[in-house]
Amino acid sequence: MDECICTVCGYTYDPAQGDPDSGVEPGTPFKDIAADWVCPVCGATKEEFEAQ
């Protein structure tokens with residue numbers, strides 16, 4: 001699974017870790033995160049992320 005980086009603040013979404021604070025379980029691929037999910041650091045939308 002590929003990591004994705006926020007182009008606004010540099011936060012890296014790691015699928016192995018997920019984002020439990022936002023309800024995203026570990027092992028969730030970025031493409032499977034809900035469309036309304038936002039960066040937990042800066043609030044950027046999924047569209048602001050790029051695959052690494």
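Both Tyr13 and Trp37 are buried, where buried means under 20% relative accessible area, exposed over 50% and partly exposed in between (1.4 Å probe, protein chains only). The model is predicted, so local features need pLDDT of at least 70 and side-chain atom pairs count only at pLDDT 80 or more, while totals for chains, interfaces and linings use all residues. Residues are numbered from 1 along each chain as its sequence is written, and side-chain values use heavy atoms, with hydrogens and water left out.

Helices (H or I, at least four residues) and strands (E, at least two) are DSSP runs, numbered from the N terminus. Three strands form an open sheet in the order 2-1-3, with antiparallel pairing; two strands pair if DSSP finds at least two bridges between them. Strand 2 (12–13) and strand 3 (49–51) are the edge strands, each pairing on one side only. Three bridges join strand 1 (residues 4–6) to strand 3 in the antiparallel sense. Within this pairing, Ile5 has Glu50 of strand 3 as its bridge partner. As a reminder, strands of a sheet pair through backbone hydrogen bonds, either parallel or antiparallel.

Next comes the interior. A nonpolar core is a set of buried Ala, Val, Leu, Ile, Met, Phe, Trp, Tyr and Cys residues joined through side-chain atoms within 4.5 Å. The largest such core has 11 residues: Cys4, Cys6, Tyr11, Tyr13, Val24, Phe30, Ile33, Trp37, Cys39, Ala44 and Phe49. Leaving aside residues up to four places away in sequence, Trp37 touches Tyr11, Tyr13, Asp19, Ser22, Val24, Phe30, Ala44, Thr45, Lys46 and Phe49, with contact taken as heavy atoms within 4.5 Å.

Rings of Phe, Tyr and Trp (its six-membered ring) pair if their centres lie within 6.5 Å; planes under 30 degrees apart count as stacked, over 60 as edge-to-face and the rest as tilted. A search of the whole structure finds six aromatic pairs. In one of them, the ring centres of Tyr13 and Phe30 are 5.7 Å apart and the planes stand at 55 degrees, so the pair is tilted. Because Tyr13 lies in strand 2 and Phe30 in the loop between strand 2 and strand 3, this pair ties together parts that are 17 residues apart in sequence. Tyr13 is buried at a relative accessible area of 0%, and Phe30, at 13% relative accessibility, also counts as buried. The rings of Tyr13 and Trp37 have centres 5.9 Å apart and planes at 70 degrees, so that pair is edge-to-face. It links distant parts of the chain, with Tyr13 in strand 2 and Trp37 in the loop between strand 2 and strand 3, 24 residues apart. Ring pairs link Tyr11, Tyr13, Phe30, Trp37 and Phe49 into a cluster.

The loop between strand 2 and strand 3 also holds Thr28, which is buried with a relative accessible area of 18%. A polar atom of the Thr28 side chain lies 2.6 Å from the backbone oxygen of Glu25. Pro15 has its place in the loop between strand 2 and strand 3 and is buried, with a relative accessible area of 1%. Pro15 and Pro40 are 25 residues apart in sequence and 14 Å apart in space, C-alpha to C-alpha.

What about charged side chains? A salt bridge is a side-chain nitrogen of Lys or Arg within 4 Å of a carboxyl oxygen of Asp or Glu, and by this rule the count comes to one. Its partners are Asp32 and Lys31, whose side chains meet at 3.2 Å, N to O. Asp32 is partly exposed, with a relative accessible area of 47%, whereas Lys31 counts as exposed at 67% relative accessibility. Lys31 sits in the loop between strand 2 and strand 3. Between Lys31 and Cys9 there are 20 Å in space, C-alpha to C-alpha, and the two are 22 residues apart in sequence.

Finally, Gly10 is placed in the loop between strand 1 and strand 2. With a relative accessible area of 36%, Gly10 is partly exposed. The C-alpha atoms of Gly10 and Val41 are separated by 9.1 Å, although these residues are 31 residues apart along the chain.

Notes. Polar contact = N/O pair within 3.5 Å; in protein donor to acceptor, adjacent residues only side chain to side chain.
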